[in-house]
Structures are given as C-alpha cells and as structure tokens.
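Hi everyone, thanks for coming. Let me put the structure up on the screen, and then we'll walk through it together.

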Amino acid sequence: MAEVIVVTSGKGGVGKTTTSAAFGTGLAQRGKRTVVIDFDVGLRNLDLIMGVERRVVFDIINVIQGEAKLNQALIRDKRVDTLAILPASQTRDKDALTKEGVRQIIEELSRDFDYIICDSPAGIEKGAMLALYFADQALIVTNPEVSSVRDSDRILGVLQSRSRRAEEKLGRVKEHLLVTRYDPARVERGEMLKLEDVQEILAIPLLGVIPESESVLRASNTGTPVILDPESVAGQAYKDAVDRFLGEKVPHRFLEPERKGLFRRLFGGRAA
Amino acid sequence: MRWLDLFRARKPAQASAASAKERLQIVLAHERIGRTREDFLPKLQQELVAVVARYVAIDPNKVAVNLERGGDMSTLEIEIELPGPQAQRLEAAASR
C-alpha cells in the first residue's frame, strides 16, 4: 500500500507546489516510486513548476469522467524515472472533482506507487478538502509570518476532524512541520518569527526548515524542482527533509545567518 | 584568467528569466486557443481507438498518448499496442 502525503498550508503562496515538486522528486531520487497529484482544479501549476507543461494531454478530471485511463494521464518524468505527475484540469468546473473519483484514483495509484503526494490548493474549499481527505501523513508548509501560522493551525484542525482517518477513526494523520522562506538574518534582527516560536505555537514535529533562497525562483523559471539544483541551499534543505522523512538522523542546517566577509558585503551576492 | 572574475560583480546572468518567458509564451499560446475551442484530445483519442477496435481487439489500457507542445509545431504521438496473433487466437477461442 502506498503512503498518501498531503502538502497543505491553508494560506496561498507559502510554497506548497515548490515543496510538492521538490519533495516528490527527492523521494523518487531515493528510488521510491512517487506520483505527485495537482489538486488545484481550475488553476493548474504543478506542471509548470515541474517542467512538464508541454506534455500535458489528459488531467485528473478526464480520468474521473472516464475520458482517459489513469496511466494515459500520468506524465512520467524524464529526469527521474520513478517519478510521475498527474496534472489538474484547467477549464472544468470544480464540482467535477468528487470524493469517489479521487478515492478510485488513489486506490489505483496505490498499486503502482510507494508515495502519493497530494499538492493542495490554498484555502479550505473542496479541492483542499479532497487533497487532504485520504492523507496518511501531512506536510504543513508554513512561513514564519502571522497569517501563515494561523492558517496552518486551522488546517491542522481540519486534518484532525475531517480527514478520512479522523472520520473512520483510523488513527491520527501524521503531521510534519516544514517551515519555508526562513531568513535567519531577519530572525536575528528580530524582524521575523523564530523557528522556535513557530514550533511552540503549532506544536507538531519539525521535518525541515527551507531557507529563503534566490534559487527557488530560478528553479521555477526553468521548470526544475529545486532539489535537483545541488548548489541551492533550499535544494539541500529539501534533501535533508526527505532523508529525515525516510528515517535518517540529519541535523538542521541553514538556521544561522551566513557570515559574510568584507568582500562579499561590499560586492553583494546573496544566498544561492 | 581567473583573477579577472574579481572585477565582475556576479557570474554572467544565468538567464533563467528568459527561459521562464519562453515557456510561458508557448504554454499560454496553447491555453488561449483552448479557451475558445473545446479540448478535442479526449474525443480524438476515443474515436481513434474506436476505429482501430473495429479491426483489432485492443486493450484500451494499452493506448499511450504523448504530446509535446512547441512554439512552431507540436507533436502528438498515439501508440496503440496491438495484440499478437497468439493472443488473438486465444481470445477467439475464449469467445467461442
């Protein structure tokens, strides 16, 4: 049986799709058969972030409505061969995404994959509810910022009350905190919530901290999951998070501001 | 010469923004067409499979559709796996 992992946050723009792409790619690089599903029906974006936008033929709604077989809609990644993507539909109405349809897709994918990553849309509407409904585990993507932390707390409540595991009393969804866009220099100056503060408020186990990094925009520009950029600190932090997820003991990195020498202070140059 | 690099503020631009623009132009051009016209791909596939099925017994699961959208040209690749003579004979025997 596959593990179903939802990547969720409540708030938009915190890095759910970046995380889904990087985390899914990381698991696949470790040899796990991994599929990433875009649940943002109406506003497909995972395909762009993963660089497969030119290859989309069918989408999740085509599969639910019987117009295409699941394996026809899956896009196999050309860089990592154990990775596949199921795109969201763009034009159809959201009501086409049904619980029963999603159940069947997840059941069928469970036979061929080890991990099913559900990239949730922002908000707590239907798409977001269905993305988390079948989850066994959840990555809570949170920025060190007040509205993001509050929305994450909201989503944690939803996971505990309205997921399949909650409804069928199958035991708790396993929650992981992933703090993204963390800027240690601003934390040091007291301008940004400290990691410890976010952890204290949300009180769920920390999986990783992804530092703010210019390489994330570069990765999205080129459609390359940031974990495939070995020089990127964000990519390295995602890799650490994947390793931790798979049970390895990896110390947290990038939590302290980078000490710049005089030369770099004068001539610029930011975190890779 | 390596030391000359010192005079450059940064490495030469990696031009990822240009790549972003090109990717967006291609994908949006296709999506804008799609907005005014219904997506014909599912129907095209169903009809093609129906035509082939009139002649050969095919497994709908063994129809692969691949698309690569480009700026000037796109390629649509439909791969239909036809059962070999052995499988067909077995099927004929089973349906008798």
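Let's begin with a term: the expected span of a helix is 1.5 Å times one less than its number of residues. Helices here are DSSP runs of H or I with at least four residues, strands are runs of E with at least two, and both are numbered from the N terminus. Before we use that, some housekeeping: this is a predicted model, so local features need pLDDT of at least 70 and side-chain atom pairs count only at pLDDT 80 or more, while totals for chains, interfaces and linings use all residues. Residues are numbered from 1 along each chain as its sequence is written, chains are lettered from A and ligands numbered from 1 in the order in which they are written, and side-chain values use heavy atoms, with hydrogens and water left out.

Now, helix α1 of chain A, residues 16-29. It has 14 residues and reaches 19 Å from its first C-alpha to its last, close to the 20 Å expected at 1.5 Å a residue.

By buried I mean under 20% relative accessible area; exposed is over 50%, and partly exposed is in between, with a 1.4 Å probe and protein chains only. Among the buried residues of α1(A) are A:F23, A:L27 and A:A28.

Seven of its eight residues are buried, so α6(A) is largely enclosed by the rest of the structure. Those buried residues include A:M129, A:L130 and A:Y133. What do they pack against? Their partners in chain A are β1 (3-8), α5 (99-112), β5 (115-119), α7 (146-162) and α8 (164-167). Contact, by the way, means heavy atoms within 4.5 Å.

On to another helix, α9 (residues 184-188) of chain A, where we find A:A185. A:A185 is partly exposed, at 26% relative accessible area. The C-alpha atoms of A:A185 and A:G101 are separated by 46 Å, and the two residues are 84 apart along the chain.

Next, salt bridges. The rule is a side-chain nitrogen of Lys or Arg within 4 Å of a carboxyl oxygen of Asp or Glu. Over all chains, the structure holds 19 of them. Let me show you a few in chain A.

A:R79 and A:D77 meet through their side chains at 2.8 Å, N to O. A:R79 is partly exposed at 40%, while A:D77 counts as buried at 7%.

A:R172 pairs with A:E175, with the closest N and O atoms 3.2 Å apart. Here A:R172 is exposed, with a relative accessible area of 57%, and A:E175 is buried at 7%.

Then there is A:D240 with A:R253, at 2.9 Å, N to O. That pair links distant parts of the chain: A:D240 sits in α12 (residues 233-245) of chain A and A:R253 in the loop between α12 and α13, 13 residues apart. A:D240 is buried at 7%, and A:R253 is partly exposed at 36%. Salt bridges that share partners also join A:R30, A:K239, A:D243 and A:E248 into one network.

Finally, where do the chains meet? The size of an interface is often given as the accessible area lost when the parts come together. Chain A and chain B bury about 2,300 Å² between them, 44% of it on carbon and sulfur atoms; that is the area lost on being put together, with a 1.4 Å probe, summed over both. In chain A, the residues that lose the most area to chain B are A:R54, A:V57 and A:N221, together 29% of what that side buries. The contact takes 27 residues from chain A and 28 residues from chain B.

Three salt bridges cross this interface. One of the bridges in the model joins A:R54 to B:E22, with the closest N and O atoms 3.9 Å apart.

Let me end on B:R23, in helix α1 (residues 16-36) of chain B. B:R23 is buried, at 9% relative accessible area. Its side chain reaches the backbone oxygen of A:S220 at 3.0 Å. B:R23 also touches other residues of chain A, including A:L48, A:E53 and A:R54.

Definitions and conventions: A polar contact is a pair of N or O atoms within 3.5 Å; within protein, one must be able to donate a hydrogen and the other to accept it, and residues adjacent in sequence count only if both atoms are side-chain atoms. Buried area is the accessible area (1.4 Å probe) that two parts lose on being put together, summed over both. Lists of a residue's contacts leave out its neighbours within four places in sequence.
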